Amino acid sequence: MSASDLSMASPFNRQAVVETLREEASVWLFVVKTLVAFFLTGWIAMRFALPAPSTAMLTTIIVANRQSGMVLAKSFYRAIGTLAGAAAAITIVASFPQQRDLFLLALSLWIGLCAGGATLYRNFKSYAFVLGGYTAAIVAVPVIDNPPGVFDSSWARISEVLLGLAVSGVVNDVIFPSRMRDVLRRAAREQFSHFVAFVRDSTRGNVARETMENAHLRFVRAAVTFEDLRSSVIFEDAEARARSGHLRLFNQRFMAASTSFQSLHHLINRLKRAHRDLAADTLVRLYAPVGTALDAPIEAGAVARVLLPRLVAAREMMRKQTPSLRDSLTDAQDVRDFDTGASLLARFADELHAYVDAAASLQTPRVIAASGERVRFDRGNDFLGAGIATLRATLTMLGLGTFWIYSAWPLGSSAMLLATVFAGLFATIPNPTRVTWMVMLGYLSGMAAGFVCEFFVLTQVDGYPLLVIGIAPFLAVGLVMMMSPRLASYGLGWAMGLAYILALKNVQVYDPAHFINDAIAQVVGLGAAAVSFVVIPPAIGSAWLRRRQLVRLRGQVALAAEAPLPGLRHRFESVNHDLVSQVVAQTEPGSADSRALVAWALAVHETGRALIELRHDMARADLPLTLRPYLTDALHTLARFYEKPAPAGYLLARDAVATAIASVGEHEDARHLLDHLHLVRMALLDGESVLAAYMPDAPLAKEIIHAS
Amino acid sequence: MPREIALGDALVPGLLVLFVLALLLLWALDWVAGRFGLYRLVWHPPLFRLAVFVCVFGACALFLL
């Protein structure tokens, strides 16, 4: 190797080494922070003489995360869940103090309901539900022989959990915090610059369908990730919380603008495919000012504000150019298509301006008074899937409880608790069977390590500092594994198993027989949870649920056509995005399922938005009475067709839209409705879209545009 | 204020109730500070927040004496 090769290679190597060290440092920082929180909690709990310091210590492991904001968010929901669970436990015990069958039934039902509720949410709110369920079990089951003790038991549990949460919250927030606020800021900036760059680059009008689909997927993911980040960051950063409404508005406007943008491009693509180049090119020319307006350096900090006046100018210019460009067209078809495109373009320009405006107000250093517009991110939930989760958790509990009663197993409560915890914790993830087995393996090894630690190390030491030194190496192994993506669940099982089985308290009991019996009970509980996932397979990730989600997605058109108008735009967009991202997360990219989904999502998005705009315009102007039946008929048939796609429904919908177009055409003062109707019509006739499967025969190229 | 607070004739550790109250108070102060950007004037906001909490909790705990 020559000298020049070496000098070429060394900077690269150094960079690699630095990168590796940085990654390693963040792993070890996590380990150290978690250990500090773990042992500090234990020390305080022992000083306060709480009955079970190990619960408080286990809490710090459960909420451990590399990001401070995640720890705080999870802590917040864990606190809520614990309080609700303790309240439920007191109610259940007070209702059935002497009826063990009814007691177990009520407890199982409560746990099942909580597990079901958890599947309805995709952030830490689901965790609060899970906790509400198993906290009730943890509080109520140990006092089953002594009902009056439930109150003390619940206060002890609440104190321990809150202590663990407080300590890990403080440790993670104060010692070298790793801020999610920066991640959110980066996400917002990337979302903005990607979208602006994409719009700018596609000004030429030539965007292949595939690029559009990929971009759509990326935008959907960006919107949902952004919402998830926002819901965690507000716990970490007071300023982010003050801006929370703005962040939502920013995201909603992003979704609206990206939908209009892709509608516009599908329109241009369709025109091109039908060889109506003149209309397409005129539209592209009309749209050029937006591209030049966005052509500013995006890296600078205050860029969004710089773009605003340029966008206003571009909008003015478009408005001025519209009549002259329209006059340059002679063919009636061309003029009509141009009108449709121009109104779509005007809508897009307005939404883009609103989006950039929201971005600019986010970039100002001062918090501006909260905007008057309250926006929510609605989720697309499946209640049947939640029902299945409810059923599974309830049955697991009932099965174990029956076994416990009939076998009179002294440690049955231990098994029951563990089964509750894991059946709840893993009900919300796509592949719970595999994860539960991994955690179980980790749990087993953690307990084996716990055996070595308790009987060979802890018996030799005296005092808290030595206890820390004795346990830390065993725990650190699990924590390091938690940070590697492949071994994460194994490591979690290890750390939890170790912390749980050690059961540290002020006067530690060394009883190998009890230790082993308890270990067996806990493994049985874990196994019961794993088996329950096999017996009643989870809905999440199954083809059945995916089909239901697809039906739900198509139903969004019916929502757009028939739901009450106020707030409908945001509702439509956010539920759409949530549904699409759920299915995207559960399918492999590029698979048939995933492609079908994206194709449907595009059609639903485009038609739904056009219908909403149409209904807004219908509500604004007073229509001639003769016209209204045709329009509502078109809306209803479209809704029915999307709910149950079939060739017959397709023909009905197509004809209804054609009739509506014809009748609107007769009324001079209702012209503005035509643009939306044409958009719907063209989406219906698009031979490349997913609707092509329902067309009687492939339409001629000319027919796509000669709609009516 | 007694060491233990009676909630519906059940005795609850007073410190725990105060802890929750202090958390709520801190949350309100935090909201005000975030709304008016007061954390910009502070070197290490989390440490500052912790210190405020200690002050609030300590002041509340004086009621127990």
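In this predicted model, the C-alpha centres of domain 1 of chain A and domain 3 of chain A lie 48 Å apart. The domain bounds, which come from an automatic or database domain assignment, are set out below.

| Domain of chain A | Residues |
|---|---|
| domain 1 | 18-178 + 380-535 |
| domain 2 | 180-235 + 244-363 |
| domain 3 | 543-705 |

Residues are numbered from 1 along each chain as its sequence is written, and chains are lettered from A in the order in which they are written. Because the model is predicted, local features need pLDDT of at least 70 and side-chain atom pairs count only at pLDDT 80 or more, whereas totals for chains, interfaces and linings use all residues.

Chain A has 26 helices and zero strands, where helices (H or I, at least four residues) and strands (E, at least two) are DSSP runs numbered from the N terminus. Of its 708 residues, 48% are buried, a residue being buried if 20 or more other C-beta atoms lie within 10 Å of its own, exposed if 12 or fewer, and partly exposed in between, with C-beta atoms placed from the backbone. Among the contacts in chain A with a separation of 6 or more, 79% are between residues 24 or more positions apart; two residues are in contact if their C-beta atoms, placed from the backbone, lie within 7 Å.

A:Arg609, in helix α22 (residues 592-620) of chain A, is buried because 25 other C-beta atoms lie within 10 Å. Leaving aside neighbours within four places in sequence, A:Arg609 is in contact with A:Thr259, A:Ser260 and A:Ser263.

Between the chains, 14 residues of chain A are in contact with 15 residues of chain B. On the chain A side, the elements that give two or more residues are α6 (150-174) and α9 (238-242), and the largest share, seven residues, comes from α6(A).

Within chain B, the axes of helix α1 (residues 14-35) and helix α2 (residues 45-61) come within 9 Å and cross at roughly 135°; axes are lines fitted to C-alpha atoms, for helices over the stretch in contact, and angles run from 0 to 180 degrees between N-to-C directions. α1(B) and α2(B) are therefore oblique to each other, since angles under 35 degrees count as roughly parallel, over 145 as roughly antiparallel, 65 to 115 as roughly perpendicular and the rest as oblique. Residues that meet in this pair include B:Leu15 and B:Phe19 in α1(B) and B:Val52 and B:Phe53 in α2(B).
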